[in-house]
Amino acid sequence: MRNWHRHNRVHVSPRLAEITHYDPRLECDPADVGMRRDNVDVIWSATETLYRTGLHPGISLVIRCRGRVVLRRAIGHAHDNAPDRQGSVRRWMPTMLWPPAPASRVWRTR
């Protein structure tokens, strides 16, 4: 039972761009809402770091500021991403909901 974390992980591709869903047309310029681009980049970099742990098969992140979407991206696979599985892999999309609703949270800030 001590090594449970080694067996409950997904395969993480070394090329994250191949499994990342990102459409820049759906994100506003952060400067339009008083943010800097590097702030958004730091948030997404932290998301990629979390995904690299292998503990999450997919992560979807949408951040709004002043009613505008500044970050809308997803990373990972919706299914068939176990280390010992081969097959048709479907990428995670920002519009996909993960079944356990408590895993997602909505925070509202000023």
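A disulfide is a pair of cysteine sulfur atoms within 2.5 Å. Before you start: this is a predicted model, where local features need pLDDT of at least 70, side-chain atom pairs count only at pLDDT 80 or more, and totals for chains, interfaces and linings use all residues. Residues are numbered from 1 along each chain as its sequence is written, and side-chain values use heavy atoms, with hydrogens and water left out.

**Exercise 1.** Find out how many disulfides the structure holds, and explain the result for Cys 28.

Solution. Step one: search the whole structure, and you get zero disulfides. Step two: look at Cys 28, whose closest cysteine sulfur, in Cys 65, is 7.8 Å away, so that is too far for a bond. Step three: check the surroundings of Cys 28, which is buried (under 20% relative accessible area, using a 1.4 Å probe and protein chains only), with a value of 9%.

**Exercise 2.** Describe how Arg 73 is placed relative to Tyr 22.

Solution. Step one: recall the rule that NZ of Lys or CZ of Arg must be within 6 Å of the ring centre and within 35 degrees of the ring normal. Step two: apply it, and the charged end of Arg 73 sits over the ring of Tyr 22, 4.2 Å from its centre.

Technical notes. Buried < 20%, exposed > 50% of the residue type's maximum accessible area, 1.4 Å probe, protein only.
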